[in-house]
Every structure is written in structure tokens, then in C-alpha cells.
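Dear colleague,

I am passing the structure below on to you, and I would be glad if you looked it over before reading my notes.

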Amino acid sequence: MPKEDFEQFHQMVLQDISLQESLRVIEYRNDFIAAVVEKGKEKGFDFGAEDVEEKMNEYRRAWIERWF
Amino acid sequence: MVLENDLEKFRDWSPIRIYWRENRPFVDWCWLGKERFTDSFFDITIQRQLSKPFNQLFRHQTPLEFLGEIYENRKGIAPTGFIFHISRCGSTLVSQMLAALEQNIVLSEPPLIDAILRLQIPDETKIEWLKWLVNTFAQPRNEEKHFFIKFDSWSTLDLALIKRAFPDAPWIFMYRNPVEIIVSHKRQPGMQMIPGQIQQLSAGISFEESFQMPSEEYCARILAKMCESVMPFSDDKDVKFINYTQLPDVVFTEILAHFKLDFSTEDLEKMRFSTQFNAKTPSLNFTPDSESKKKEASEIAVRAAEKIVDPLYEKLEEIRKSKI
């Protein structure tokens with residue numbers, strides 16, 4: 001299930017500083033999303049760009065709505 | 001008990017937001033790395049960090065209690081000094097002068113502190129959560145030695161509670177000729193001058209009444225409320241009153257000593273250099289505007305200031321001068 005796979009990979013990155021460092025250096029959004037999907041595959045997870053974008057949008061919305 | 005390894009994962013991260021999930025407070029974290037808080041406001045630095053793709057996707061989310069674990073296991077820098085103010089009176093200049101030095105962590109109006117202060121929870125809980133949060137902010141990421149917070153202007157109303165949370169922190173209270181502040185808010189109203197935005201400030205003024213009175217009068221009433229709230233603390237051993245007219249020299253002659261700081265000549269030059277720029281818009285040079293603001297003041301603004309805030313301003317001046 002892509003969603004579950006993505007959530008597991010998301011948690012894995014938050015626990016793994018070297019994995020974070022490899023993704024932090026990517027400046028452009030599209031390159032970054034592609035790299036996240038690729039890294040996920042390398043680690044045995046199956047999710048797509050849309051799963052990554054959904055999470056990014058969720059956080060962006062939460063930040064914008066922080067006053068409400 | 002949190003393991004050292006867990007704490008290490010948060011070393012270069014900062015809380016950026018408090019939110020509630022299933023009736024439980026949570027903290028949203030953002031990776032800052034070695035980035036310092038050098039902008040005029042906390043949120044500007046965070047906003048810039050959030051433009052990075054990594055920070056848009058990877059953010060720790062922890063229960064607020066995790067900040068308590070950090071408090072128990074990793075003490076940050078004890079607060080060196082707090083800045084309270086009534087808005088538009090040079091407080092950002094002071095915070096920017098302090099932020100000019102790499103040895104200082106300077107947080108300017110972090111909304112998370114206000115978020116805790118505004119919660120409808122027992123004071124004891126607020127105090128505990130404030131200590132946790134401030135301790136987390138005070139974790140050095142660049143070997144800093146000093147830690148400062150410039151509070152929101154309306155936090156002056158919470159002085160009693162903040163002092164209970166941080167009884168040893170020296171603080172300054174900054175103010176300015178009220179009519180100049182009223183003109184500044186007339187040009188560009190601060191959130192605190194919009195009726196209903198900051199509820200504790202509006203206490204005693206009905207919503208209808210606040211919209212019926214001229215905005216200058218509402219502004220004067222809010223300024224008066226802030227000034228009144230500091231009066232019970234005028235004898236506090238840790239406070240120094242600062243008038244805008246004393247800036248910037250007073251930073252070197254009084255504020256640094258009040259905060260028990262002794263900076264090198266080179267550091268003082270860096271601070272002096274930062275005073276050339278407009279504190280809120282550093283791309284512009286600073287130009288004194290007291291005279292232009294006084295000239296711009298409408299009759300309503302002058303009358304509102306005279307009737308509502310000037311007596312308190314005079315009292316503040318009297319107290320300040322009595323302590324020189």
C-alpha cells in the first residue's frame with residue numbers, strides 16, 4: 001500500500017540523520033520529490049510522487065492555518 | 001525517560017508551532033541546522049526555512065510533553081534578558097542589535113509563547129509549559145552563550161505569570177511618546193490594534209464600542225492597558241524602563257550592564273553597525289521619524305494620546321528618571 005509505505009519511509013528518514021542529509025541538499029521541489037521516491041525504492045518502499053506531495057500540502061496547509 | 005540518542009535527533013531542530021490533536025498538545029518541528037534567528041521576527045526566519053523542500057516534507061511531530069523531557073535532560077541557556085514593550089518603540093532595534101552577535105540567541109515574538117499564554121488552562125500548567133518551551137529554544141546550535149526573548153507587546157499583560165516562570169531573568173520595558181505610536185499604527189495597524197484580535201487587550205471594551213470609537217482612541221486605550229499592566233512591577237529589582245528617545249546609545253550605556261553583559265570592542269562595533277538599518281526592513285537605512293510622526297498626528301490622535309495615555313507615559317518617565 002503506497003500510503004503506508006510512504007508513512008513508514010517518512011518515519012525512517014526522521015530517525016536517520018544521514019538519510020536526512022542526503023535529501024536536504026536538494027534545492028528544487030520537483031528534484032526533491034523525485035529523489036524521495038527514488039530513495040524510498042532503494043529502501044524497499046513503494047510509493048509515488050503524489051504521496052509525497054500530499055504530505056507536503058498537508059504541512060503547508062497546517063502552517064498557513066496556524067492562526068485559526 | 002528519553003534516551004540521549006533521541007535528544008540528539010532534535011539538536012538542530014526548532015519548535016515552530018503548537019497544535020492540538022485529539023485533545024492533546026503537539027509540537028511541529030523544523031530543521032534549522034546552524035541557521036540563526038537574525039530576522040526581525042521569529043516567523044520570518046521560519047518562513048524562509050520552510051521554503052526548502054526538505055522542511056516542507058520532513059518535520060518531527062511530538063507531544064508537548066517531549067519538551068518536558070528535554071527540560072529534564074538537557075538544560076539550555078538560562079534567559080539572559082527579556083524585552084517587553086508597547087509596540088513601535090524601538091524594541092525590534094534592540095533585538096536586532098543583540099542578534100548581530102553570533103554568541104546570542106535572540107527570539108523576536110515567537111508565536112508559540114503567545115500560543116501558550118493564551119490557552120485556557122491552569123496557570124501552573126502554563127508556567128510549566130513555558131519553561132519547557134523556552135528551555136528548548138535556548139538550546140545552543142552554534143555554541144551561543146546568551147539567550148534573549150522579545151515578547152509580543154500584549155504579553156505585558158502576562159508579566160506576573162512570566163515572572164513566576166522565570167523569576168531570575170532581567171528584563172526591560174520599552175515605551176515611546178504615545179502620539180508617535182498611535183501615528184505608526186494609523187499608518188500600518190498592528191494586530192493588537194484590530195478590535196477582537198487579542199482578546200485580553202479588548203477586556204473592558206465591548207466589540208461594538210471598539211468599532212464605534214475612532215481607531216486612534218482604541219489604540220490609545222490599548223497602549224494605556226499595556227502601560228498600566230507594567231506599573232505594579234515598577235519596583236521589581238530586575239526591570240529597567242527604556243524610552244525610545246534613549247536609543248540606540250542606551251543599549252551600550254545601560255541595557256548591556258542590566259543584562260550583565262560585557263562584550264568586546266569588536267562586538268560593540270558590530271552592534272553599532274546594525275543600528276544604521278531600519279530594524280524591520282534591513283534593506284532600508286534607519287531614519288529618525290519622531291518629528292514627522294508628531295507632525296502627521298491628527299487632532300483625534302493628539303487628543304486621544306493626551307487624554308488616555310500621556311498621564312501613564314509621564315508616570316513611566318518619572319519612574320525611569322527616579323532610577324537613574
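This is a predicted model: local features need pLDDT of at least 70, side-chain atom pairs count only at pLDDT 80 or more; totals for chains, interfaces and linings use all residues.

I began with the rings, and a search of the whole structure returned 26 aromatic pairs over all chains. One of them is formed by B:Phe84 and B:Phe151, whose ring centres are 4.6 Å apart and whose planes meet at 5°, which is under 30 degrees, so the pair counts as stacked. B:Phe84 belongs to strand S4 (residues 81-85) of chain B, whereas B:Phe151 is found in the loop between strand S6 (146-150) and helix H8 (159-165) of that chain, so the pair ties together parts that lie 67 residues apart in sequence. As for solvent, B:Phe84 is buried at 1% relative accessibility, and B:Phe151 is likewise buried, with a relative accessible area of 3%. Both rings belong to one aromatic cluster, which is made up of B:Phe82, B:Phe84, B:Phe151, B:Phe166, B:Trp171 and B:Phe233.

Two arginines are also placed over rings: the charged end of B:Arg176 sits over B:Tyr244 at 3.6 Å from the ring centre, and A:Arg66 lies over the face of A:Trp63, at 3.8 Å from the centre of that ring.

Turning to the strands of chain B, how many of the five residues of S5 (residues 104-108) are buried? Five of the five are, so the strand is largely enclosed by the rest of the structure. S5(B) pairs with S6(B) in the parallel sense over five bridges, and B:Ile105 stands opposite B:Phe147 of S6(B). B:His146, which lies in strand S6 of chain B, counts as buried because its relative accessibility is 16%, under the 20% cut-off. Beyond its neighbours within four places in sequence, B:His146 is in contact with several residues, among them B:Gln103, B:Asn104 and B:Ile105.

Finally, the largest nonpolar core holds 125 residues, of which A:Phe32, A:Val36, B:Phe58 and B:Phe173 touch the most other members. Helix H12 (residues 215-230) of chain B gives the most to this core, with nine residues. Leaving out residues up to four places away in sequence, B:Phe173 touches, among others, B:Phe84, B:Met226 and B:Val230.

With best regards

How values were computed: Residues are numbered from 1 along each chain as its sequence is written. Chains are lettered from A and ligands numbered from 1 in the order in which they are written. Side-chain values use heavy atoms; hydrogens and water are left out. Rings of Phe, Tyr and Trp (its six-membered ring) pair if their centres lie within 6.5 Å; planes under 30 degrees apart count as stacked, over 60 as edge-to-face and the rest as tilted. Helices (H or I, at least four residues) and strands (E, at least two) are DSSP runs, numbered from the N terminus. Buried means under 20% relative accessible area, exposed over 50%, partly exposed in between (1.4 Å probe, protein chains only). A charge sits over a ring if NZ of Lys or CZ of Arg is within 6 Å of the ring centre and within 35 degrees of the ring normal. Contact means heavy atoms within 4.5 Å. Two strands pair if DSSP finds at least two bridges between them. A nonpolar core is a set of buried Ala, Val, Leu, Ile, Met, Phe, Trp, Tyr and Cys residues joined through side-chain atoms within 4.5 Å.
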